[in-house]
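Here is a model to go through by question and answer.

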Amino acid sequence: MTTAAHASAGVAVAHRAPPGGDPVAALCDALESGRRHLPADALMAVSIPAPTAAIHIAADLLPPSNRVVWDPPTGVKLATAGAEALAQASGKSRFSGLIDAVSAIYDRLSWTEPAGPGAPPPRMVGGLAFSPGDASAPPWTGFGDAAFWLPAWTYASAGERAFVTVCARAGTCDPPRTAEAAHQLLTRLAEARTAAPRHAPAAITEIHHLPRAEWCRRIDAALAAIAGEQAQKLVAARVTRIKAAAAIDPLAVIASLGRRHQTCFRFSITRGEATFVGATPEMLIARRDREVMSEALAGSVAAGSDGAALFDSDKNRREHAFVVSSITGALRPFCSRITWPRDPAPHPLRHVIHLRTPITATLSGPTHILELAGAIHPTPAVGGIPTERALEWIADTENEPRGWYAAPVGWIDQHGDGQLVVAIRSALISGRDATLYAGAGIVDGSVPDDEYDETAIKERAILDALAAP
């Protein structure tokens, strides 16, 4: 066996020649070897090939605790369960605190691929609150300011290849029992190839919107603050509450979102008794080695509208330009090169058309994706300009904290690479109840009634998925 340690973190990676036998037996042997030779507090991750299956079906075969579904339009899909190691941080320094906590976990991790290389490296999944303290009370209890965790079970698929990664502590691992659980999972995954799609739509019995008049008063106040030069842009969000006749199935929702919003990033994150689920069109930041990608997504009209009218709208162009300027300015200290097109392009979705500007950059030195995210979040697409004044206005005027809505969620790895999205078009599900969030950017020239209608269109992305297969 040969072992190589990554310079960016303490992960020891071992590759073994394909044994030509049962991958579950190889997994058991790798866990047993780690149990005997590693310190008791060491973490072991072992990856083996697995049958391919729809990601929401794979998730249904995993334990429900801390279950995460990550379903991007392209790239590796993830279904994870359990939390073998948890990194948390709080307060204004939560991004840097999270980097330290994540690095400490990877320093204890050894990763083995007993059937040979090919699996994606062990990834931690999670997210952050929009602002410190936003997820410290119901209905967000258990989410917290910032949390990423190393799953006990990960199913990862990309195209025609799939893998299962098991993570355990050396001192408490039971290799035969874990191997038996892995065998059952692989068997059920193979059977799931022909399984019928999971449909369990919720029959909505109650729906409570923020009254239009209350929204208009809030937007009038925002416009007054902008006219008084206290801000250039403020993003207002509103909450809609629904109740269903029976418990809402988050996996049915994520499956419906996958069918309806194939160009969006679908996610489902369970913490305790609640699940945060959504289909966001907006990537915050992605990093692979020195290459970075982000995007500005701001300015919108209803789907079916004239895209040229969106492009020619001074109000929407100004709203969009704030976001481009903010993101590129935040990345500049970390990058040797940043490029983006001069003009945005229409980005059509199922219910809405946005203006979109892709942004690419090259890092001038090693920089963790969480450090980049901390510099960018919140963009003017979800906060406002200037940022601190916008956050103060949001805290003063919105009746309920945003929790993880409009905040970064996604995955990170031992290299500091990862992909984080802006968690919009989303809802928090708990039993029969769901809390939906939708927002609108307010600039000089915004019309309160029009902005209310815009939020109603945006929330349909998640509302329709809650109510229909």
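Me: On what basis are residues numbered and values computed here, and what pLDDT do local features need?
Reply: Residues are numbered from 1 along each chain as its sequence is written, and side-chain values use heavy atoms, with hydrogens and water left out. This is a predicted model, in which side-chain atom pairs count only at pLDDT 80 or more, totals for chains, interfaces and linings use all residues, and local features need pLDDT of at least 70.

Me: What volume does the largest pocket have?
Reply: On a 1 Å grid over the protein atoms alone, a pocket is an open set of points with protein on both sides within 12 Å along at least five of seven lines, whereas a cavity is a set where a 1.4 Å probe fits but cannot get out; lining residues have an atom within 4 Å of a point. Grid points are joined across faces, edges and corners, and a volume is the space filled by probe spheres set on the points. For the largest pocket this volume is about 750 Å³.

Me: Which elements give two or more residues to the lining of the largest pocket?
Reply: The lining has 31 residues, and Gly 75, Ala 286, Met 293, Trp 411 and Gln 419 are the closest to the pocket centre. Elements are DSSP runs numbered from the N terminus: helices are H or I with at least four residues, strands are E with at least two. Those giving two or more residues are β16 (283–288), β17 (291–302), β20 (352–363) and β23 (418–422).

Me: How many residues in the lining of the largest pocket are charged?
Reply: Asp, Glu, Lys and Arg count as charged, Ala, Val, Leu, Ile, Met, Phe, Trp, Tyr, Cys and Pro as nonpolar, and the others, Gly among them, as polar. The lining divides into 13 nonpolar and 8 polar residues, and the charged ones number 10.

Me: Which element contributes the largest share of the lining of the second largest pocket?
Reply: This pocket has a volume of about 440 Å³. Its lining has 19 residues, with Arg 94, Phe 130, Ser 131, Pro 132 and Leu 391 nearest the centre. Two or more residues come from each of α3 (94–106) and α10 (387–397). The largest share, 5 residues, is from α10.

Me: Which element gives the most to the lining of the largest cavity?
Reply: The search finds 6 cavities of 30 Å³ or more, and the largest holds about 190 Å³. Among its 20 lining residues, Ala 381, Ile 424, Arg 425, Gly 439 and Lys 458 are the closest to the centre. Two or more residues come from each of β17, β25 (433–442) and α11 (448–467). With 5 residues, the most is given by β25.

Me: Which element provides the largest share of the lining of the second largest cavity?
Reply: About 80 Å³ of space lies in this cavity. Its lining includes His 261, Cys 264, Arg 425 and Lys 458, and divides into 7 nonpolar, 2 polar and 3 charged residues. The largest share, 3 residues, comes from α11.

Me: Are α1 and α4 roughly parallel or roughly antiparallel?
Reply: Axes are lines fitted to C-alpha atoms, for helices over the stretch in contact, and angles run from 0 to 180 degrees between N-to-C directions. Helix α1 (residues 23–37) packs on helix α4 (residues 175–192) at about 155°, with axes 9 Å apart. Angles under 35 degrees count as roughly parallel, over 145 as roughly antiparallel, 65 to 115 as roughly perpendicular and the rest as oblique. The two helices are therefore roughly antiparallel.
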